[in-house]
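This briefing gathers what can be said about the strand pairing and one surface feature of the model shown below.

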Amino acid sequence: MGKPGRILFKLSGEMLGGAVAGGLDPARLTRLAEEIAGARGQGAEVAVVVGAGNFVRGAAMARSGIDRVTADYMGILGTVVNAMALAAVLRDTGVPARAMSAIRMEPAVESYSRDAAVEALDAGDTVILGAGTGNPYFTTDTAATLRAVEIGADLLAKGTKVDGVYDKDPAVHPDAKVYDRISYDRVLADRLQVMDATAVAMCRDNRLPVLVFGLAGRGSLVRIARGELPGTLMA
């Protein structure tokens, strides 16, 4: 594929946390803001969906005795905190940015609408999207896919702790092989843990390419904005 004009980055909340689980690490926020600025410097329009893994994971909380709906809303609130923090750090470094929430939380944060997000991107703002879809039972993968389709993104780039899609868990199987490219149907048929099935099917139905890449190294966001593929392309 060519150089993407509009990219939605889906980033784990763990990327924003420090060495100790929980909370926000100012150094990591600054690093991510610099990476986003670099991607914008390549001419890309950038939107970001953030998770809440540095605060809470709804599914894990549900297993601890909290009902699933409440647990999911706890995770949703965590994504809004992350979105607000990242937008604030971006603005502090000179990058115009707007945080938007799928759940109304004025005056703390602006409410999301497709028209407002597209208008902001057209104006050169980076848009940070929090609160997932605004509903329990839907992952941030599904939220990222939905928002990418709504704003007309050329690419959904999912940053993870692993540097691509493997045929089996590389943490368990030393002989696991990474794919350079894989089809949506193969991901679904083999039940590969790339994204949840709803998100994969939505990407397939809307012909939205997905790049799964590692967040460990610096410069990945810039490379993606240049049109490089440092990971596995699902298309």
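Two strands are taken to pair if DSSP finds at least two bridges between them. By that criterion β9 and β11 pair in the parallel sense, over two bridges. The model is a predicted one, and the points below are grouped by topic.

**The sheet as a whole**
- Nine strands form an open sheet with mixed pairing, and their order is β4-β3-β5-β2-β1-β6-β10-β11-β9.
- The edge strands, each of which pairs on one side only, are β4 (110-111) and β9 (181-182).

**Pairing around β11**
- Strand β11 (residues 231-234) also pairs with strand β10 (residues 210-214), here in the antiparallel sense and over four bridges.
- The residue L233 of β11 is the bridge partner of R181, and L233 is likewise the bridge partner of L211.
- For V212, the bridge partner in β11 is T232.

**A helix across the sheet**
- Helix α5 lies across β1 (6-11), β2 (45-50), β5 and β6 (155-160), and α5 runs at about 170° to β1.

**A nonpolar surface patch**
- On the surface, V69, Y73, Y137 and F138 form a nonpolar patch, and together these residues have about 400 Å² of accessible area.
- One of them, F138, lies in the loop between β5 (126-130) and α5 (140-151).
- With a relative accessible area of 48%, F138 is classed as partly exposed, because the exposed class requires over 50% and the buried class under 20%.

Key: Residues are numbered from 1 along each chain as its sequence is written. This is a predicted model: local features need pLDDT of at least 70, side-chain atom pairs count only at pLDDT 80 or more; totals for chains, interfaces and linings use all residues. Side-chain values use heavy atoms; hydrogens and water are left out. Patches are made of residues with over 30% relative accessible area and no salt bridge: like charges are joined within 9 Å, nonpolar side chains (Val, Leu, Ile, Met, Phe, Trp, Tyr) within 5 Å. Accessible areas come from the Shrake-Rupley method with a 1.4 Å probe; for residues, only the protein chains shown count as cover. A salt bridge is a side-chain nitrogen of Lys or Arg within 4 Å of a carboxyl oxygen of Asp or Glu. Buried means under 20% relative accessible area, exposed over 50%, partly exposed in between (1.4 Å probe, protein chains only). Contact means heavy atoms within 4.5 Å. Axes are lines fitted to C-alpha atoms, for helices over the stretch in contact, and angles run from 0 to 180 degrees between N-to-C directions.
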